[in-house]
Amino acid sequence: MNSLTAQNIQNKLKEALAGLSLQFDAISLEHPADLKNGDYSTGAALQYAKQAGIAPRTLAEKIVASLGTIEGVAKVEVAGAGFINFYLSSSELAKAVEEARKEDMWGSNSNLSGKKIMVEYTDPNPFKEFHIGHLVPNALGESVARLFQFSGATVKRANYQGDVGVHVAKSLFILLEKRVTDPTITDLSAAYPEGSERYEGDPDAKTAIDALNKKIYDKSDSQVDALYAKGRKLSLDHFEEIYKMLGTKFDYYFFESEAGPIGVKIVREHPEVFPLSEGAVIFRGEEYGLHTRVFLNKQGLPTYEAKELGLAKMKEDACNFDITITITGNEQAEYFKVVMKAMELALPELRGKLAYKTNGMLRFAEGKMSSRTGNIIRGEDLLKDLADAAKTRAAESRADDAEKLSMEIAVAAIKYQILKQAFSKDIIFDRERALSLEGDSGPYLQYAHARAHQLVEKAREQHIDAKVDQSVGPNDLVRLLHRFPEAVEYAASLSEPHLLTNYLLEFASSFNSWYAQVHVLDGTPEAAHKVALVDAVRRTLKNGLWLLGIPAPERM
RNA sequence: GCCCUUGUAGUUCAAUGGAUAGAACAGGGCUCUUCUAAGGCCUUGAUGUAGGUUCGAUUCCUACCGAGGGCACCA
């Protein structure tokens with residue numbers, strides 16, 4: 001909570017407590033959940049009443065008496081058991097409305113200015129499906145990247161993809177067997193599950209796939225190389241189409257095939273960190289309260305662990321970042337702890353610059369999804385289903401391009417379902433809910449934005465000049481609007497998009513409620529003030545949706 | 001067995017140690033001769049169990065119970 005007014009309040013509170021000779025540490029200042037309890041509130045009097053030796057309410061009264069006037073604050077009240085509530089002045093709130101109307105970057109801050117941050121996310125594997133599980137880190141990573149950008153950082157987006165490994169050999173084995181080496185193959189989707197089944201059920205196939213895996217690594221068979229190159233390109237081009245639908249554009253693409261050799265080199269150079277054990281090169285995490293993991297297997301090939309070391313090095317060479325954050329699945333949390341520790345020891349120059357955050361899994365109510373068995377929903381299929389569900393409404397809407405609007409709504413629906421809940425919690429995917437497009441949803445935010453936008457357009461057509469009138473008393477909508485920059489800051493500081501989603505839902509709901517009660521273009525002098533407010537709402541929702549990585553159509 | 005994450009209305013999610021635990025969906029009832037009904041208004045309903053710390057615990061600590069994940073050559 002870094003707004004100037006909030007800081008003023010905190011400083012005044014500190015002075016007041018010091019004046020009463022109380023020992024205190026940080027003063028907590030919060031937004032009361034209920035707007036009737038003010039714009040800011042503190043429980044300091046409750047906290048320090050015991051030390052002061054007087055009743056909380058009495059202490060609160062004393063603190064309030066010694067506060068004096070605070071700029072931007074109209075009223076200070078003692079409430080409940082001893083809370084001190086601060087109510088902002090009309091002029092302070094009016095300033096927020098003005099700023100929201102004038103500043104393109106309304107809601108931004110400079111907490112990370114001058115920092116270069118790399119965000120790695122999505123990470124699908126070529127030769128395997130881009131399934132709905134990949135939508136989770138994509139949505140979260142994109143939003144985190146944007147939150148950093150809005151905090152003043154220079155952000156680089158990176159995608160790390162597994163283009164070598166047994167999974168590739170499994171797919172390629174099927175493709176080779178079917179001799180689909182002709183240029184007409186466009187769909188690799190069936191190959192991986194089939195290859196997996198053969199690998200597990202057919203010993204001969206397993207031997208062949210393992211041999212194929214080695215060929216892919218050492219590039220010793222030109223026919224294999226050719227098909228590999230073709231399949232890899234097909235996969236990557238296909239992913240690119242999906243990123244375009246989702247609104248993500250990566251600056252860097254890293255591949256396991258490149259990270260592997262670099263990782264091997266790093267491991268070999270640090271035998272003190274990576275000892276030999278049972279023919280493999282390992283890291284003993286036990287010394288650090290972790291567990292042992294293999295970095296180079298018996299064949300001397302790099303495991304995922306060693307590749308991660310190589311990746312860190314590649315990232316450093318590509319872009320001189322201050323911090324790199326990797327968005328990855330919960331199931332890799334333990335693995336990452338070990339790799340991070342090993343990395344600190346082997347690459348001390350990167351110490352303190354590497355971070356990771358693990359996201360929850362997308363799960364079905366019925367059971368687990370697995371690309372190995374083919375029991376998956378493809379990312380693009382889900383988007384198409386959602387777009388189909390939106391099509392009827394979109395056709396009746398005011399949008400010029402109903403097709404485009406349908407897809408924008410589909411993206412909003414799925415991203416919102418992911419972004420509305422805390423980062424690391426599993427997401428139970430409910431198809432019906434995702435398709436409903438109503439209530440606590442992405443389209444709800446889009447609809448509120450489109451309404452505000454159209455209203456501002458209409459006011460313009462009628463030549464009504466928006467103008468903030470400070471004599472109009474503040475309402476809940478304005479007071480929530482004032483909180484937007486703090487909501488952004490809060491979400492960015494914890495890299496938690498759902499904190500912003502929470503705020504935006506409450507804000508949009510407040511706007512819809514206000515909209516239902518108030519006639520804006522009513523021909524009265526007050527219309528100018530109301531238009532200004534709607535314009536501020538429009539910008540707030542627009543920037544808020546941008547931060548979530550959700551498109552904000554102007555007509556719905 | 002050890003480690004990590006996690007238990008909140010019928011369901012899916014919120015709640016920065018604070019005030020009456022909020023939404024949405026589902027159920028029941030209203031609301032389009034007024035700027036978009038993908039909207040608004042009313043209504044039923046919840047903190048796994050037992051302790052502890054605190055002025056105050058959904059939140060922190062301990063134990064137990066339940067769920068998910070990880071623990072040597074997959075990623």
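Predicted model: local features only at pLDDT ≥ 70, side-chain atom pairs only at ≥ 80, totals over all residues.
**Domains.** I started with how chain A is divided: domain 1 covers 4-88, and domain 2 is made of 96-109 + 381-548. Their C-alpha centres are 33 Å apart. I then checked the contacts between them and found four residues of domain 1 touching four residues of domain 2. On the domain 1 side, I count two nonpolar residues, one polar and one charged.

**Cores.** Next I looked up the largest nonpolar core, which has 129 residues. Val97, Val119, Ile414 and Leu481 have the most contacts inside this core. Domain 1 and domain 2 both give residues to the core, so it lies between them. I also noted a second, separate core of 16 residues, with Val164, Leu172, Phe173 and Leu188 among them.

**Helix 18.** Is helix 18, residues 484-493, enclosed or open? Seven of its 10 residues are buried, so I put helix 18 down as largely enclosed by the rest of the structure. The buried ones are Phe484, Pro485, Ala487, Val488, Glu489, Ala491 and Ala492. I went through what they pack against and listed helix 5 (132-149), helix 17 (476-482), helix 19 (497-517) and helix 20 (527-548). Last, I checked what comes after helix 18: Ser495 follows, with a positive phi near 50°.

Terms used
Residues numbered from 1 in each chain as written. Chains lettered and ligands numbered in written order. Core = buried A, V, L, I, M, F, W, Y, C linked by C-beta atoms within 7 Å. Buried ≥ 20, exposed ≤ 12 C-beta atoms within 10 Å, placed from the backbone. Domains from an automatic or database assignment. Helix = DSSP H or I, 4+ residues; strand = E, 2+ residues; numbered from the N terminus. Contact = placed C-beta atoms within 7 Å. Nonpolar A, V, L, I, M, F, W, Y, C, P; charged D, E, K, R; others polar.
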